[in-house]
Amino acid sequence: MKLYHMDFEPVGRRGQCQDNESLLDCARRLGVGIISLCGGQGTCHCCKVRVLSGTVSEPTSSEQEVFSPQELQDGWRLACQTYPISDGKVSVPAESVTTPQRIQVEGLEITVHPEPPVRAYHLQLPTPSLSHPQADADRLLQALNQQYQLGCSQVDIDVLRILSPRLRSWNWQCQATVRNDEVVAVSPYPSRQLGLAVDLGTTKIAGYLVDLSRGQTLAAKGIMNPQISYGEDIISRITTVTKSPAEGVQLQKLAVEALNELAGDLCAEVGADTEEIVEAVVVGNTAMHHLFLRLPVRQLAYSPFVPAVSQALDIKARDLGLHMASGAYGHILPNIAGFVGADHVAMLLATEVGQAKGLILALDIGTNTEVSLVNNGEITTVSCASGPAFEGGHIKDGMRAASGAIERLRIATDGIQYQTIDGVPPVGICGSGILDAMAQLYLAGTVDHHGRMKDNHPHLRTDQKQRQFVLVSEEERDGNPAIVITQQDIRELQLAKAAIRTGIQVLLETNGGSEEEIEQVIIAGAFGSYINVSSAITIGMLPSLPLDRFRQVGNAAGMGAKLALISSSKRSQAQDIASRVHYLELATAPNFMSTFSQASYLGRYRLRQGKRREID
Ligand code: FES
């Protein structure tokens, strides 16, 4: 085995790279976050780097597919496919870096009466004496039960370990935090009662620090899920863990470290200590849930896609590795199915659709899109494999919603108008921009309703026998590769949007409803919040309905987690929602294939029994 010295720019990370180690693995080991949606399979094309000096392995077939001969000559490579043959220097462009990304934490706010499952009680205990030599823990329990008519019967073991010295140092005055019949924390009186709500997403993690006694959010923050270095797409992570169970430990460790970091940052913002957190609620999709709890995940990837557990769980935070109050618990909301997890339950809870009247559609769009149709309180849910296209995966110049991504786009008569995140020069195009581009190309007649690129626009050209539409040219990018939408990108988007539209249609037909009857379409999640709904309708991803029927609600899963943290009755409601949902396996629905093929068409249309009818 040979070792080479590699230099990753512009981050300036240097280190030794083994000759049998890809540039992606080497970068990962040196702490350089390169996006890898496919987990290094060479299929997502997200790990683009430019070799500035040194010799590397010959381009693989997947690299020849994604780069033109000129780009390859200029040093453009996929980090996961490239191995060093000498010392060298590699530039990691902004669109390939994992760190800077817009992470949505905001969502609809619902005010609930605070009734958390943990309560704080102020106690002034009698001092022990020879005539009253009662054990400290018994003294505490007796005082709680007598003064507050509780039925407390136990004190957490970690609380017991600190109880005696602390009670003495506080002069027998304290605040005891009780959960059911157990004392889970003791603190000086008065202390704050803090709670942590977490939406553990595949790509991003949103955290909320809440004052439990007032039900108020004190701080909110989003960070990247560090597991993305193992593949953003959840199947890549499941495959990794299935092949090597030791990686499961590593993936869990990464998630726990991220949650601890998030909790630390949130507490620092309000001058608190993580020991003041007395309860946490975590939601996530079923795979994230399982990886976080180190449950087996293999069965999630194979039909009939069964979760290891679906009911809600209460687990000591310390058993999860979370840094919180001594005996605090983490509550994990219930799952619905292998690909419909606690995050969807939380979204349904936050949007209160279960109590609403009429026909309501609720979607959380992502690599996997969960769609629920609520018909006067009856909930039917499907999971659609929409793939990573909306996160920029499998798209030639796609990237996630980070600085420099084109997020809005319009094709005008005098050129292309676009807006980038942070208003900086464009480096790629993210999901909302890709959606706009597809809609605009369709409206301009440059892409027909089959998704075929025509040859009728000055921005169209052919590269490597494939048509592409130039959004930002090489000249506009000072000699850097142009940002384009290729024919293949359009095909990827058609598959993604057809999956979602098929899910909607199958739900409608199963419930005997029609699109026109939908009174409200709720779109949750970061991507769904930033999309232009008109563009989504134009390409046939969403049903053509008046725009005032659509509601983009932000991170509703995070909001649902917060509700379940603040209110015990909301927590029971979440359990009730999960048990009431009728889960439908999409591929088994009648007309699935014909509906899917019709749903891949662009334009405004109605679907019925696998047939498509164009509308104006
Ligand atoms: S193509 Fe390299 S990580 Fe996906």
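## Contacts around E276

Two residues are in contact if their C-beta atoms, placed from the backbone, lie within 7 Å. The model described here is predicted. Leaving aside neighbours within four places in sequence, E276 is in contact with S191, R192, L194 and A325. E276 sits in the loop between α7 (245-269) and β13 (277-284).

E276 counts as buried because it has 20 C-beta neighbours inside 10 Å. E276 and A328 are 52 residues apart along the chain, and their C-alpha atoms are separated by 9.7 Å.

## Domains and nonpolar cores

The protein chain is divided into domain 1 (3-96), domain 2 (118-187) and domain 3 (389-492). The C-alpha centres of domain 2 and domain 3 lie 64 Å apart.

The largest nonpolar core has 158 residues. Within this core, V345, A346, M438 and L471 touch the most other members. Helix α12 (residues 487-510) gives the most to this core, with 10 residues. Domain 2 (118-187) and domain 3 (389-492) both give residues to this core, so the core lies between them.

What fraction of α10 is buried? The count is 10 of the 10 residues, so α10 is largely enclosed by the rest of the structure. The buried residues are A342, D343, H344, V345, A346, M347, L348, L349, A350 and T351. E352 follows α10 and has a positive phi, near 55°.

The axes of helix α10 (residues 342-351) and helix α16 (residues 568-580) come within 9 Å. They cross at roughly 120°. The crossing of α10 past α16 is right-handed. On the α10 side, V345, A346, L348 and L349 make the contact. On the α16 side, the residues are K570, Q573, A574, I577 and A578. Leaving aside neighbours within four places in sequence, A346 is in contact with V283, L333, A557, G560, A561, A564 and A574.

## The four-stranded sheet

An open sheet of four strands has the order β6-β8-β9-β7. Its pairing is mixed. The edge strands are β6 (118-124) and β7 (154-155), and each pairs on one side only. Strand β8 (residues 173-179) and strand β9 (residues 182-187) pair in the antiparallel sense over five bridges. Q175 stands opposite S187 in β9.

Two helices are described against these strands. Helix α4 (residues 136-148) lies across β6, β7, β8 and β9. It runs at about 105° to β6. Helix α5 (residues 157-169) packs on the sheet and touches β7, β8 and β9. The direction of α5 makes about 40° with that of β9.

## Loops beside the sheet

Q149 is found in the loop between α4 and β7. Q149 is not a glycine, yet its phi is positive, at about 50°. Q149 is exposed, with 7 other C-beta atoms within 10 Å.

N171 lies in the loop between α5 and β8. Its phi is near 60°, a positive value in a residue other than glycine. N171 is exposed, with 11 other C-beta atoms within 10 Å.

## Strand β18 and its pairings

Strand β18 (residues 378-384) is mostly covered, with five of its seven residues buried. Strand β17 (residues 369-375) and β18 pair in the antiparallel sense over seven bridges. The bridge partner of N375 in β18 is E378. The hairpin of β17 and β18 has two residues between the strands. In this hairpin, N376 takes a positive phi near 50°.

β18 also pairs with strand β27 (residues 582-583), in the parallel sense, over two bridges. The bridge partner of T380 in β27 is H582.

## Cis peptide bonds

The peptide bond from Y189 to P190 is cis, with omega near -5°. P190 has its place in the loop between β9 and β10 (194-200).

A cis peptide bond also joins S303 and P304, where omega is about 10°. P304 is found in the loop between α8 (286-293) and β14 (313-316).

Notes. Residues are numbered from 1 along each chain as its sequence is written. This is a predicted model: local features need pLDDT of at least 70, side-chain atom pairs count only at pLDDT 80 or more; totals for chains, interfaces and linings use all residues. A nonpolar core is a set of buried Ala, Val, Leu, Ile, Met, Phe, Trp, Tyr and Cys residues joined through C-beta atoms within 7 Å. A residue is buried if 20 or more other C-beta atoms lie within 10 Å of its own, exposed if 12 or fewer, and partly exposed in between; C-beta atoms are placed from the backbone. Domain bounds come from an automatic or database domain assignment. Two strands pair if DSSP finds at least two bridges between them. Axes are lines fitted to C-alpha atoms, for helices over the stretch in contact, and angles run from 0 to 180 degrees between N-to-C directions. A crossing is left-handed if the near helix is turned anticlockwise from the far one by less than a right angle, and right-handed if clockwise.
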